[in-house]
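The following paragraphs lead through a structural model, with attention to selected residues and their surroundings. Please consult the sequence and the coordinates alongside the text.

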Amino acid sequence: MGMPTKGMNREDVIAGLREMQQGDLPIGDGKAFGFIYAAGEAVDEIKKAAVTMALGANGLDPTMFPSLRQLENEVLDIAREHLHGDENVVGSFTSGGTESLLLAVKTARDHARATRPELTRPTMLLPETAHSSFHKAAAYFDVEAIEVAVDPETFAADVGDMRAKIDERTILLAASAPGYAHGVIDPIEDIGRLALDHDLLFHVDGCIGAFLLPYLERLGDEIPPFDFRVPGVSSISMDLHKFAYAPKGASVVLYRDAELRRHQYFACAAWSGYSVVNSTIQSTKSAAPLAGAWAVMRFLGDEGYLKLAAELRKGTTALVDGLRAIEGLKVLGEPQMGLVAVTAADGVALPIFRLADRMQERGWYVQPQLGYGNSPRNLHFQIEPSNAANVEPMLAVLAEEVEALTGESDSAPAPLVQMAAQLQPEQVRLRFGELMAMAGSTGPGELPKERALVNEVMDALPAETRQELLKAFLGQIYTP
Ligand SMILES: *Cc1c(COP(=O)(O)O)cnc(C)c1O
């Protein structure tokens, strides 16, 4: 490929792009129960218009582009009100849930450096169900993650275990509202009390739930308080590119007050170029997601979101009831929004990852999740507006496939699983090719045709070995 010597005409460039996209997960056809947050054509249109208008602006310096300052303040104002924050609550617009969580942890670390300078090896307490981005933050910012158990039936964080693990190194408690894997909200009020008792910061990861849950509450669901109404909560992350239907690259992180947020900011005057002050991780940054988020919120308004939430709520009930009605499946915990994990019912032999493959062959995408801690391997279903109406047909196919696969075994041959299970994490890089070939990969960067086999092998490995395998694979798909 390489750079074309002469520029191409517009039609050919666009055609090339379109052709590449043919192989992607279809967007908006309502058959993918994951990854996609589509709220219909009208929302897409306004998003496109706003994104296009903002493409040239540079978020590096909001004094040069006052529109960006105003857009961000208006979005944050909505977010603060949505999460019942008082006028002291402040925040930042970020590029996504991961950046919001990275910043929350970085803020906690720098707050600790300022207030507890004697502390050299800070830790944060993370329930097993806490999003991987907390671990990314741990790795990036050198705050050790200490794992907290979750209840094996409810999948909510075990507050007793968290209490027991607080020590002189702890700087931050974390919880989810809800966790991505099971859609379960952690005991936020109890953890808030813990944070107050021990004078600790407490971050609530509302990346996926914080925008939607207040609407579900207004529609009559019993949602335990998870936001700034809860004493002890010091920061909350809330993605706008999920259930606020903003373009990707849109999230907010909010803090109880400006004194805490101060530790998030970065300034640099120690070089020969322009003075730098950044609220978030990026410096030169696109204004497109911010303008897109702002525009969608104005376009849909509170009533629009409430209506979409009502559709989602109906879809969720149908999904959860339908999944519970399928013999051979078991829903994990009590999902509080449309994020549902199902596994094989007790005593039923059902190769759950093969089920995911079968569904995909029949045009339905559901996400396999590996077993971890108290959570067994499972399939994850997420409802968004475009598939709320597709629940029944999906369930019908699922029921057929569950019946067909019940009593069958996994696809991974035992020797392969054994060999993989004996691998030390540091051996993975050397033996990756061999392992992939055994799994049926036809060449570097090619996933074995049977995804189930890959998931089954991964499922048998400790997290550290899984991580090495994932990185080895990534190193192969990005070739230059
Ligand atoms: C999606 C998600 C995140 C991470 O957000 P990204 O936008 O993918 O970076 C964090 N926490 C939870 C609970 C999520 O669902």
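E361 has a relative accessible area of 65% and is therefore exposed, since the exposed class begins over 50%. The model in which this residue is described is a predicted one. E361 belongs to helix α11, which comprises residues 352-361. Between E361 and A108 there are 253 residues of sequence separation, and their C-alpha atoms stand 45 Å apart in space.

A contrasting case is S441. Its relative accessibility is 14%, so S441 counts as buried, the limit for that class being under 20%. S441 is placed in the loop that connects α15 (428-438) with α16 (451-459). Two backbone oxygens are in reach of the S441 side chain: that of G443 at 3.0 Å, and that of E446, which lies 2.7 Å from a polar atom of the side chain.

The loop leading from β4 (170-176) to α7 contains P178. The peptide bond that joins A177 to P178 is cis, and its omega is near -10°.

F35, which is not a glycine, has a positive phi, near 75°. F35 occurs in the loop between α1 and α2 (41-54), and it counts as partly exposed because its relative accessibility is 49%. D142 likewise is not a glycine and has a positive phi, of about 60°. The position of D142 is in the loop between α5 (132-141) and β3 (144-148). With a relative accessibility of 65%, D142 counts as exposed.

The surface also carries a nonpolar patch, formed by M8, V13, I14 and L17, whose accessible area together is about 340 Å². Of these residues, V13 is located in helix α1, which spans residues 10-21. Because its relative accessibility is 44%, V13 counts as partly exposed; that class lies between the limits of under 20% for buried and over 50% for exposed.

There remains the ligand. Which of the 13 residues around the ligand come nearest? They are G97, T98, D205, H241 and K242. For G97, a backbone N or O atom is found 2.9 Å from an oxygen atom of the ligand. D205 contributes a polar side-chain atom, which lies 2.6 Å from a nitrogen atom of the ligand. In the side chain of K242, an N or O atom is 3.2 Å from a ligand oxygen atom. The ligand taken alone exposes 380 Å², and the protein buries 84% of that area.

Key:
Residues are numbered from 1 along each chain as its sequence is written. This is a predicted model: local features need pLDDT of at least 70, side-chain atom pairs count only at pLDDT 80 or more; totals for chains, interfaces and linings use all residues. Side-chain values use heavy atoms; hydrogens and water are left out. Patches are made of residues with over 30% relative accessible area and no salt bridge: like charges are joined within 9 Å, nonpolar side chains (Val, Leu, Ile, Met, Phe, Trp, Tyr) within 5 Å. Accessible areas come from the Shrake-Rupley method with a 1.4 Å probe; for residues, only the protein chains shown count as cover. A salt bridge is a side-chain nitrogen of Lys or Arg within 4 Å of a carboxyl oxygen of Asp or Glu. Helices (H or I, at least four residues) and strands (E, at least two) are DSSP runs, numbered from the N terminus. Buried means under 20% relative accessible area, exposed over 50%, partly exposed in between (1.4 Å probe, protein chains only). A residue is near a molecule or strand if one of its heavy atoms lies within 4 Å of it. A polar contact is a pair of N or O atoms within 3.5 Å; within protein, one must be able to donate a hydrogen and the other to accept it, and residues adjacent in sequence count only if both atoms are side-chain atoms.
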